[in-house]
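Trainee: I have a model open and would like to learn how to read it, one feature at a time.
Mentor: Then put it up and ask.

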Amino acid sequence: MSTLRGEGGHDTFGGRGVGGTHGMTAPVPTRPALAALADPAVLPDPYPVLAGLREASPFTEAGGALIVVGRHADCSRILRDPRASSERNRSLLASPEQREQRPPSFLSLDPPDHTRLRRLVSKAFAPRVIAALAPRISEVCGELLTAAGARTGTAAGRGTIEVVGELAYPLPVRIISEMLGVPAGDHARFAGWSASLANSLQPRFLTDDGSPSAFTAVAQARLEFADYFRELIAARGARPGDDLLSELIRAEDDGERLSEQELIATCVLLLVAGHETTVGLISNAILALLRHPDQLAALRADPDLAEGAVEETLRYDAPVQLTGRVARGGMRVGPVSAPDGAVLLLLLAAAGRDPELFEAPDSFDIRRGAANHLAFAAGPHFCLGAPLARLEAAIAIRAFATRVAGAEIDPAGLAYKPNLNLRGPARLVVRFTGLAG
């Protein structure tokens, strides 16, 4: 486990709770160790630990090189602060090798490079383009649910669906692959590559897996992804099609276009960060609805609540639990001074349940209207794929609620991914009594 376990496990709330009556000093509660978030026993429900970290925040770790931030107001302010850099390879915690590496995508760049690349990519994510995908998303979703019903023989009155593998994963990967013009036969090849790269997004100080084999697997996945898209980019360059990759190749801003390396990095980003987070969003939403039958019943009665259910899931059980920024220009977080290069660890999932902003934050209420969460970040790095993720998730959970009858969780079929940052079940088996056509 991380060496930070000992550094944070016995610190106090920095004065909160001190006081009492009759001259007595009340006990000062200890805050959880940051590394407790990586404990497998915590993964099914990290929110009590996150609440303790949020209440203690902001606080420092690693000799001041890491500042943990969990309050919604602090996180929101940092995400919008131009001094908060996204160039994580230039932090005090970066290794010499990391400092020499080229950022893998525009997610890790600051303006003006980030501005140029985002502007080029955003042209392919115009609202009209995303809205036009709704019929196809509905079609694929219907096919997946029908296939699950056929596989388990619902004619007999009962069936099961493994939500992650049979709905939440294949839906977004098929849509983004079709958008990019990736042949259907190649979709399965991405599963292993994507899993390796997604695991690399786990904060290194919260995992023991710094083994050479783990780094080799990530490097190999990047290499194979790059080789695949290099060939596809060359093919689309020679014969453009009606797809997102051809649009990215053609995209131009003030005479500049995406380089081959930038195109490859963008494609990998869309396939890994884009679809992995949507998998978690769909799975987390269905799991939350099944655990709150009154909310599932409300959605069945009024399918237009699907969008609200998506927003509440993003607040209540976000698929991206945390993100990081690098302090520049003498930043402060509350009473804490941030030296240049310090990593600002933003606990987005803790901010989503901040009682200073959300009433009854641990309750799941699809009518809440929780549009002010930070699950897609904020500021210049607000998630470019948010409209697509929202659309896919809303269509998926609406279809699940209206078509799958008598649904209930199979307790033996629920297991979480070991990845803290990209949260969601690795497996979610649901029993049902009927599947509407």
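Trainee: Leaving aside its neighbours within four places in sequence, which residues is Ala-338 in contact with?
Mentor: Contact means heavy atoms within 4.5 Å. In this predicted model, Ala-338 touches Ile-67, Ala-327, Met-331, Arg-332 and Leu-344. Ala-338 sits in the loop between strand 6 (336-337) and strand 7; helices (H or I, at least four residues) and strands (E, at least two) are DSSP runs, numbered from the N terminus. The C-alpha atoms of Ala-338 and Gly-64 are 7.7 Å apart, although 274 residues separate the two along the chain.

Trainee: Is Ala-338 buried or exposed?
Mentor: Buried means under 20% relative accessible area, exposed over 50%, partly exposed in between (1.4 Å probe, protein chains only). Ala-338 has 6%, so it is buried.

Trainee: What ground rules apply to the numbers?
Mentor: Residues are numbered from 1 along each chain as its sequence is written, and side-chain values use heavy atoms, with hydrogens and water left out. Because the model is predicted, local features need pLDDT of at least 70 and side-chain atom pairs count only at pLDDT 80 or more, while totals for chains, interfaces and linings use all residues.

Trainee: Where does pLDDT stay under 50?
Mentor: pLDDT is the predictor's confidence in each residue, from 0 to 100. Where it is low, the predicted coordinates should not be read in detail. Here that applies to residues 1-28, where pLDDT stays under 50. The chain average is 85, and 86% of the residues score at least 70.

Trainee: How do helix 13 and helix 14 pack?
Mentor: Two packed helices are described by the angle between their axes and the distance between the axes. Axes are lines fitted to C-alpha atoms, for helices over the stretch in contact, and angles run from 0 to 180 degrees between N-to-C directions. Helix 13 (residues 260-291) and helix 14 (residues 293-301) meet at about 110°, with axes 5 Å apart. Angles of 65 to 115 degrees count as roughly perpendicular, under 35 as roughly parallel, over 145 as roughly antiparallel and the rest as oblique, so these two helices are roughly perpendicular. Helix 13 contributes Leu-289, Leu-290 and Arg-291 to the contact, and helix 14 contributes Pro-293, Gln-295, Leu-296 and Leu-299.
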